[in-house]
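These are my notebook entries on one protein model, written down in the order in which I looked things up. I start with a helix, go on to the cores and the ligand, and end with a few single residues.

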Amino acid sequence: MKPFEWTEANSNAAAAGTVTIADAMVVTNGQRKVSDPTVVKAGGLDLLDLMKEGLLQPRRVVNLRGIAGIDQIAVQDDGALRLGALATLARLAADPLVQPYAALADAARSAASPQIRNVATLGGNLLQRPRCWYFRSIHHHCARKGGETCFAFGGENQYHAIFDHRGCAIVHPSTLATALVAFGARIELTNAQGIRRESALEEFFVLPSKDLHRENDLRAGEIVSAILLPRLSPGARSAHLKQAEKDSFDWPVADVAAVLETDARGVCRRASIVLGAAAPVPHRARAAETTLLGKPINEETARAAARAALNGAAPLTRNAYKLPIFEAVVRRAILAAGAA
Ligand SMILES: Cc1cc2nc3c(=O)[nH]c(=O)nc-3n(C[C@H](O)[C@H](O)[C@H](O)COP(=O)(O)OP(=O)(O)OC[C@H]3O[C@@H](n4cnc5c(N)ncnc54)[C@H](O)[C@@H]3O)c2cc1C
């Protein structure tokens, strides 16, 4: 690992002020050069991996962990639940205020291992870089790193995207994002002047067809300060299910969050179905949502919605196996939310 300077930030704005650019990726052909790359560190799990692999060579690392209050979880005056960006996954899994958002608590509980969840933070989880093995290889100058080729299309693509993969076939790595998007979460960003801006988390993530070189709309000089979850409507129920190759600390090959609102007769009034490990961003299955509206939640409607969730899927050479897995996981997530 190359030597770097270490800075402790003591406020959101101070941290944002030190960030000249959040992207210090080393590129193999040397075309993209950043003069003063500074990166922020939360838990450091992904950041240090990238630095050790030689993919990231920042001149300065700014530690966010000393910022007072940035890990707090609290209900705001408007009823929204504010999740501080440095709240750990373990805390999100266990905090009583998070439990009504069952799909989120489950997503946090099912990600990685207990040791990782004790260190990994909400902000870091949402902004971790893609797990694609070509992106993570110093020997592959892939399209996302400024090259010409997405090696996944002609290569080992069994864990890659089945939707929206024009130009790059990564899947979004964050399990928490799947649940947060289903709840209509908003992301709060703070800049060096202390000015906050908010956007829908769903819109914060960027598809490769829009910009191949970034996964999100984090701007230079900004940090993520919090995630805001809207107050739950009466009758809202949720579930998150993750299917991986093995039960312990494995990445999902498919994960699904379902948030349903039903009336007193059990008829679905609102549905939000989001697929993780399916696309370069959390994938909203709108056709599945529409299929459920005005209907009771039962085996038949869940099955129809699960089929609809795969509308537009375009599997690659080695990942068509994901289609029946997603169909089963969507159906089960809808039934689990309906029974919650
Ligand atoms: C074996 C293993 C299994 C795993 N399984 C899963 C899984 O199933 N699901 C899952 O979701 N994840 C999984 N992970 C990934 C893990 O959850 C992430 O690496 C972790 O959440 C990153 O959080 P962090 O706080 O350590 O981030 P860091 O490594 O500190 O940061 C990650 C990135 O975000 C940026 N960043 C961090 N915080 C902020 C902020 N507040 N504002 C602006 N930029 C910021 C950093 O600059 C960096 O680019 C797994 C990891 C391992 C090693």
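**Entry 1: helix α11.** I looked up α11 and found that this helix covers residues 322-339, which makes 18 residues, and that it reaches 25 Å from its first C-alpha to its last, close to the 26 Å expected at 1.5 Å a residue. The expected span is 1.5 Å times one less than the number of residues. Helices (H or I, at least four residues) and strands (E, at least two) are DSSP runs, numbered from the N terminus. I noted that the model is predicted, that local features need pLDDT of at least 70 and side-chain atom pairs pLDDT 80 or more, while totals for chains, interfaces and linings use all residues. Residues are numbered from 1 along each chain as its sequence is written, and side-chain values use heavy atoms, with hydrogens and water left out.

Which residues of α11 are buried? Among them I listed Phe326, Val329, Val330, Ile334 and Ala337, where buried means under 20% relative accessible area, exposed over 50%, and partly exposed in between (1.4 Å probe, protein chains only). The buried residues of α11 pack against the strands β9 (236-244), β10 (252-262) and β11 (268-276), and also against the helices α9 (286-292) and α10 (299-308).

**Entry 2: the cores.** I took a nonpolar core to be a set of buried Ala, Val, Leu, Ile, Met, Phe, Trp, Tyr and Cys residues joined through side-chain atoms within 4.5 Å. The largest one has 49 residues, of which Leu83, Leu104, Leu180 and Leu201 touch the most other members. Helix α7 (residues 175-182) gives the most to this core, with 6 residues. A second, separate core has 28 residues and includes Ile162, Val256, Ala258 and Val329.

I then went back to α7, where 8 of its 8 residues are buried. At its start, a side-chain oxygen of Ser174 reaches to within 3.3 Å of the backbone nitrogen of Leu176, and after the helix comes Gly184, whose phi is positive, near 70°.

**Entry 3: the ligand.** How many residues surround the ligand? I found 30, and the closest are Val40, Ala42, Gly44, Thr121 and Thr175, where a residue counts as near if one of its heavy atoms lies within 4 Å. The largest share of this shell, 4 residues, comes from α6. Taken alone, the ligand exposes 990 Å², and the protein buries 92% of that.

Entry 4: I looked up Leu55 in the loop between α2 and β3 (60-63), and its relative accessible area is 1%, so Leu55 counts as buried. Its C-alpha atom is separated by 27 Å from that of Ile67, 12 residues apart along the chain.

Ala112 has a phi near 55°, a positive value in a residue other than glycine, and sits in the loop between α4 (102-110) and α5 (114-119). Ala277 has a positive phi as well, near 60°, and is found in the loop between β11 and β12 (283-284). Are these two buried or partly exposed? Ala112 is partly exposed because its relative accessible area is 26%, whereas Ala277, at 6%, is buried.

Terms used
Contact = heavy atoms within 4.5 Å. Areas by Shrake-Rupley, 256 points an atom, 1.4 Å probe, with all protein chains shown as cover. Polar contact = N/O pair within 3.5 Å; in protein donor to acceptor, adjacent residues only side chain to side chain.
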